[in-house]
Amino acid sequence: MMRLSCFCQHLSMDSAFKSPLFHPTTSFSRSQVSFPFFSFQTQYLTLNKPPTILRCSNSSTISSTTNGNNNNMAGLPVKKKRKRYRKQYPGENEGITEEMRFVAMRLRNIKGKKVSSDTVSDSETDTENTPSDQEKEEDSETLKSGENGGDGEAETWSPTMEGFLKYLVDSKFVFNTIERIVDESDDVAYAYFRKTGLERSAGLSKDLEWFSQRGLVVPEPSNPGVSYVNYLEELAEKSAPLFLSHFYNIYFSHIAGGQVIARKLLEGTELEFYKWEGDVQESLKDVRKNLNMLGEHWSRDDRNKCLKEAAKSFKFLGQIVRLIIL
């Protein structure tokens, strides 16, 4: 009995290591087959004993686990990144000319009280737009020089005919320069400002001739006018936006004031300097429209520089106006 048992065990062990038997009519496919002591890949579908097909895991379990993780993540609060918006400059929505008007307002005295120089600088919330200490110092100097250079509201004026002639000569020098630059320049930006109806140099030539015929000596341009003209010529070659800032403010300032002193000195005689063909406000409106249109294509940095140039323009013009009382 013991021999028979050993023989059976030997036979089962021997059959386990023998090659698997298969039928000749069996079709072939690739599957995973498990034997008592080892497993291997085979290309035979039907073997002498039923194969055991192995699989890694239940796909439904993976799917449910994945969905569960996604649900857990979806339940977590999502922190949105806060977007920072730059605070707009005064008048920025309406265009660059309106921004320059606010610069003009802070350079003037309103009811005897000076407008704070922070009117514009407070709106500069971005670090790249914040004025440096040097720029603040320059603006402070401009404010001081501009206080007494506008309509003469900050001090008692005693205009003289000699000073008024100097003012007219320097004004003609400035107007002739900006009109010549605009007419002769190849920069396409200047083409929008030719023959605007605001031109003053021709009228000033007639006025100076009128004074000369009455025996008054017409002087040469003085230092304020020469300095401003030199600056304008350099600026026109460097940057059209910056030059056009001066161009607009020169006409704007002349239209806004100056006639009262002329009428007082000339006892009611109106000069050609203060005469326009057509509606001057409509002509200025067209210039303003074209400048705003161009300003839409300028960077914020260029617009900031234009605002600084507007302040410089009032500073130069203030120095020329002060010739009237010298």
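**Salt bridges, rings and contacts in a predicted model**

Arg101 is partly exposed, because its relative accessible area is 35%; the label covers values between the cut-offs for buried (under 20% relative accessible area) and exposed (over 50%), with a 1.4 Å probe and protein chains only. This is a predicted model, in which local features need pLDDT of at least 70 and side-chain atom pairs count only at pLDDT 80 or more, while totals for chains, interfaces and linings use all residues. Residues are numbered from 1 along each chain as its sequence is written, and side-chain values use heavy atoms, with hydrogens and water left out.

Arg101 has a partner: its side chain meets that of Glu98 in a salt bridge, at 2.7 Å from N to O. The term stands for a side-chain nitrogen of Lys or Arg within 4 Å of a carboxyl oxygen of Asp or Glu. In general, side chains of opposite charge can pair when their charged atoms come close. Glu98 lies in helix 3, which covers residues 96–106; helices here are DSSP runs of H or I with at least four residues, strands are runs of E with at least two, and numbering starts at the N terminus. Arg101 and Glu98 are separated by about one helical turn, because they sit three residues apart in helix 3. Glu98 counts as buried, because its relative accessibility is 16%. Leaving aside neighbours within four places in sequence, Glu98 is in contact (heavy atoms within 4.5 Å) with Pro90 and Gly91.

Now for the other salt bridges. A search of the whole structure turns up seven. One of them joins Glu309 and Lys312, at 3.6 Å from N to O. Both residues belong to helix 12 (residues 300–321), three residues apart, or about one turn of the helix. Glu309 is buried because its relative accessibility is 6%, whereas Lys312 is partly exposed because its value is 28%. Glu272 and Lys275 also form a salt bridge, with their closest N and O atoms 3.4 Å apart. Here Glu272 counts as partly exposed, given its 30% relative accessibility, and Lys275 is partly exposed too, with a relative accessible area of 36%. Glu99, Arg300 and Arg303, meanwhile, are linked in a network of salt bridges.

Aromatic rings come next. The whole structure holds 12 aromatic pairs, where rings of Phe, Tyr and Trp (its six-membered ring) pair if their centres lie within 6.5 Å, and planes under 30 degrees apart count as stacked, over 60 as edge-to-face and the rest as tilted. Tyr248 and Phe252 are stacked, because their ring centres are 5.9 Å apart and their planes meet at 15 degrees. Both sit in helix 9 (residues 240–256), four residues apart, which is about one turn of the helix. Tyr248 is buried because its relative accessible area is 4%, while Phe252, with 24%, is partly exposed. Phe273 and Tyr274 make a tilted pair instead, at 4.9 Å centre to centre with 50 degrees between the planes. Both Phe273 and Tyr274 are buried. These two also belong to one aromatic cluster, together with Phe164, Tyr167, Phe175, Phe193, Phe247 and Tyr251.

Glu233 is part of helix 8 (residues 223–238) and counts as partly exposed, because its relative accessibility is 33%. Not counting residues up to four places away in sequence, Glu233 touches Thr177, Arg180 and Ile181. With Arg180 there is a side-chain to side-chain polar contact at 2.9 Å, meaning a pair of N or O atoms within 3.5 Å; within protein, one must be able to donate a hydrogen and the other to accept it, and residues adjacent in sequence count only if both atoms are side-chain atoms. Ile181 is 52 residues from Glu233 in sequence, yet their C-alpha atoms are 7.8 Å apart in space. Thr177 is located in helix 6 and is buried, because its relative accessibility is 2%. Apart from residues up to four places away in sequence, Thr177 touches Val229 as well as Glu233.

What about the chain as a whole? It has 12 helices and four strands, and 37% of its 326 residues count as buried. Among contacts with a separation of 6 or more, 74% come from residues 24 or more positions apart.
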